[in-house]
Amino acid sequence: MLKRLLGRIDVGDESEKLKFAQFKELITKVPLLYCILVVNTIALSYTHYEVAPKYLTIYATVLICCVCVYRAVSWYGYRNKTFTLTKVKRQIRSTVIFSIVVGVIFLIWSFNLYGYGDMSLRIHVAYYMSITVLGIVVCLIHLPAAVWSTTLTVGLPFVIFFIATGKAIFVAIAINFAIVAGVLVLIALSYYRAFSRVIASEQDLQLQHEKTQKLNIQNEILANQDGLTKLANRRSFANYLNEKLNEKSEHHSFIVGLVDLDGFKPVNDIHGHAAGDRVLKEVGQRLTRVLHGDCILARIGGDEFGLVIDHSASHSEIKAFGGKITRALQAPFVMRTGLVQISGSCGFAVYPDAGNTVENLMERADFALYQAKTESRGSSIIFSTEHEQLIRKKSQIELALNQSVKKEELTLHYQPIVNGKTEQIVGLEALARWHNPELGEVSPNDFIAVAEKTGVVNEITLYLFDKAVNDLKDWPAHIYLSFNLSAHDVLNNKTLENLKRILDGHGVSSSRVQFEITETTMMSDLDRCSETTQVLRELGFGIALDDFGSGYSSLGYIHKLAFNNLKIDRSFVENLRHNQRSQGVIKTILALCSSFRVTSTVEGVETEEQKNLLLELGCKHMQGYYFYRPAPIEQFELHEGSSE
Ligand code: C2E
Ligand code: CA
Ligand code: CA
């Protein structure tokens, strides 16, 4: 029993939040409780003043009131203090103990007064005791232990005592009190249970809120971070640039840089995506090591990284920095499947010279990057005024190109492919020519890229193919047409269908046409290109892998492609005489061709010496200025001859 009672007094196992809530309630209720005690005590002393001894009506009353006022003031003062959990628990426990002690003192005091008055004064004592107990129960409703202890230590003796008097009025008061007190205790306990549930659900809500906040923070990180490299992503890079532009004046320069990996796609295709991911992660780490403290690095696309150098720098400093980046990326990456060699090109745009919006700066840096990639991979270029002019020219080309087919400005030149030994023409490569009244002659190197970007390339291809097949009809049967296709043509099923339709329309056999597709086109989407080339081969067309060796050739993928001719890039021919390595490469490629049972054509033969060297190396078909320059078809005398 005692243990259970102590258990009720022990207030330790409830939640922290509940303890604090209880304490907060007690701070407002306990001073009121002591006020009730003081008022009730003074009232009882007053009615007993004449009949009871002074030590009960004055001294004890003053003492009790002093203690009550002291306690009330102390509790009132707690409202401005902060308490630790241990202190709160201690206060609650002492409140329970104090309620027992105070209860017992009041009990003794009231029973003493009971002995001195007449009937009405005795009724006042009974009244005093009952309303005091009920008052305490109501005020301590948030502390069940105190409710129990006061009811048991004061209420119970009170009921026993007055029933024992045997007087009807006191027995009635005692029973009445017992019932009211019992009901009140039950109400107090159920109120307390509801109170704890509210606090618990508040706590749950709080926890839920904290969890949501944590999730929000995590989501925020995820939305701004690249999952693979843990660098900032494109979105947060753009946000950062936006903030920079908002806060900086035009006097504070900074530099936006874009880094794009060259030869990364084959890594995925040949070594697998897991290896590709590892390369990207390491690229992120290498770039981080190169950057200074005030630089920001982000991964803004598949194999594209963005950076901001947050201070001004001279062009030579930016160049040197670009050099550091490209050198860092040139070192081989060690993979389980072997060494991976890639490189990275950089484009820089300086604020405010190159632009003053995020779009402008990114576009300009991207333009510089594109220049770096086309001029020399693995280099870095800063956006300049010449680039500005180039952009202007490009947009002029863009506008004029849309009308080029309609205005019949496009024509074809042909460059023969010959048998190196006999110098007999075996095929003719169709090369696009564009003459625009305002722009003059525009090189296909310039306009094909623009046509690809604007999507007009498919229309141009079909227009030129129709012309070429029409010319082909007049050529001797052993001479084939070699026709260049761009990436957009190869990846567009409709264009491929139309090419076949045009050929059929002219009644020409597909065996007389070879499509040239560059190695870089093939690498842009190896799987789809291998499907398309397969379909074209099945339709009877020849397929030449153009510019072989200029990109990131790897012997690992060419077995996937259905080609029957390999055009060796002219870069190998340029220094053939002095460069043993080029000779070695050509020999290797020729050996590869014979093992794949495909023919080869060497491009860019410009001198007799080159031709002889290539013949010695075993090359059969050749093309280049030494034999013929590209020219209109009328300039070639095409003789009937034997097919090889
Ligand atoms: P390509 O297919 O590699 O064509 C060979 C290019 O090298 C031609 O330049 C040709 O004039 C040039 N060339 C030929 N022999 C020699 C040589 O001995 N030395 C040097 N230095 N150059 C030589 P062109 O006509 O300016 O064409 C450039 C590129 O534009 C072509 O490279 C091809 O990729 C593209 N192109 C041309 N016409 C078309 C076309 O109708 N459609 C598509 N998609 N691309 C085309
Ligand atoms: Ca070609
Ligand atoms: Ca070529």
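Q: What percentage of the 644 residues in the protein is buried?
A: The model is predicted, and the percentage is computed from it. A residue counts as buried when its relative accessible area is under 20%. Across the 644 residues of the protein, the buried share is 48%.

Q: How many helices and strands are in the protein?
A: Both kinds of element are present. Helix 7, for one, covers residues 168-224, and strand 10 covers residues 425-436. The totals for the protein are 23 helices and 17 strands.

Q: What share of the contacts between residues at least 6 apart in sequence joins residues at least 24 apart?
A: A contact here means heavy atoms within 4.5 Å. The count takes in contacts in the protein between residues at least 6 apart in sequence. Of these, the share joining residues at least 24 apart is 71%.

Q: How far apart are the mean positions of the positive and negative charges?
A: The protein has 65 positive and 67 negative charges. Each set has its own mean position, and the two are apart by 17 Å.

Q: Which residues are the protein donors of the calcium ion (ligand 2)?
A: The donors lie 2.1 to 2.4 Å from the ion. Along the chain they follow the spacing E-x54-N-x31-E-x29-D. They are Glu-429 (OE), Asn-484 (OD1), Glu-516 (OE) and Asp-546 (OD).

Q: Why does the pair Glu-429 and Asn-484 tie together parts that are apart in sequence, and by how many residues?
A: Both residues are donors of the calcium ion (ligand 2). Glu-429 sits in strand 10 (residues 425-436) and Asn-484 in strand 12 (residues 480-485), so the pair joins separate parts of the chain. In sequence, the distance between these parts is 55 residues.

Q: Is Asn-484 buried, partly exposed or exposed?
A: The cut-offs are under 20% for buried and over 50% for exposed. Glu-429, at 4%, is buried. Asn-484 has 26% relative accessibility, so its class is partly exposed.

Q: Which residues supply the protein donors of the calcium ion (ligand 3)?
A: The donors lie 2.1 to 2.6 Å from the ion. The donor residues have the spacing D-D-x55-E in sequence.

Q: Which residue bridges the calcium ion (ligand 3) and the calcium ion (ligand 2)?
A: The two ions lie 3.8 Å apart. The bridging residue is Asp-546.

Q: How many residues apart are Asp-546 and Glu-603?
A: Asp-546 is in strand 14 (residues 542-548), while Glu-603 is in the loop between strand 16 (599-602) and helix 23 (608-617). The pair links distant parts of the chain, and the two are apart by 57 residues.

Q: How far is the C-alpha atom of Ile-460 from that of Leu-401?
A: Ile-460 lies in helix 15 (residues 457-472) and is buried at 2% relative accessibility. Beyond residues up to four places away in sequence, Ile-460 touches Leu-401, Ser-404, Val-405, Leu-410 and Ala-451. Ile-460 and Leu-401 are 59 residues apart along the chain, and their C-alpha atoms are separated by 9.3 Å.

Q: What distance in space separates the C-alpha atoms of Tyr-192 and Ile-325?
A: Tyr-192 belongs to helix 7 (residues 168-224). At 7% relative accessibility, Tyr-192 is buried. Tyr-192 and Ile-325 are 133 residues apart in sequence, and C-alpha to C-alpha the distance is 69 Å.

Q: Is the peptide bond from Tyr-351 to Pro-352 cis or trans?
A: Pro-352 is in the loop between strand 7 (343-351) and helix 12 (358-375). Omega of the bond is near 5 degrees, and the bond is cis.

Q: Is Glu-408 buried or exposed?
A: Glu-408 lies in the loop between helix 13 (385-404) and strand 9 (410-419). Its phi is positive, about 55 degrees, although Glu-408 is not a glycine. Relative accessibility is 59%, so Glu-408 is exposed.

Q: What is the phi of Glu-423 near?
A: Glu-423 is in the loop between strand 9 and strand 10. At 32% relative accessibility, Glu-423 is partly exposed. Its phi is positive, in a residue other than glycine, and is near 60 degrees.

Key
Residues are numbered from 1 along each chain as its sequence is written. Chains are lettered from A and ligands numbered from 1 in the order in which they are written. This is a predicted model: local features need pLDDT of at least 70, side-chain atom pairs count only at pLDDT 80 or more; totals for chains, interfaces and linings use all residues. Side-chain values use heavy atoms; hydrogens and water are left out. Helices (H or I, at least four residues) and strands (E, at least two) are DSSP runs, numbered from the N terminus. Buried means under 20% relative accessible area, exposed over 50%, partly exposed in between (1.4 Å probe, protein chains only). Lys and Arg count as positive and Asp and Glu as negative; His and the chain ends are not counted. The place of a charge is taken as NZ of Lys, CZ of Arg, CG of Asp or CD of Glu. Donors are N, O and S atoms within 2.8 Å of the metal (3.2 Å for Na, K and Ca); water is not among the atoms, so sites may look incomplete.
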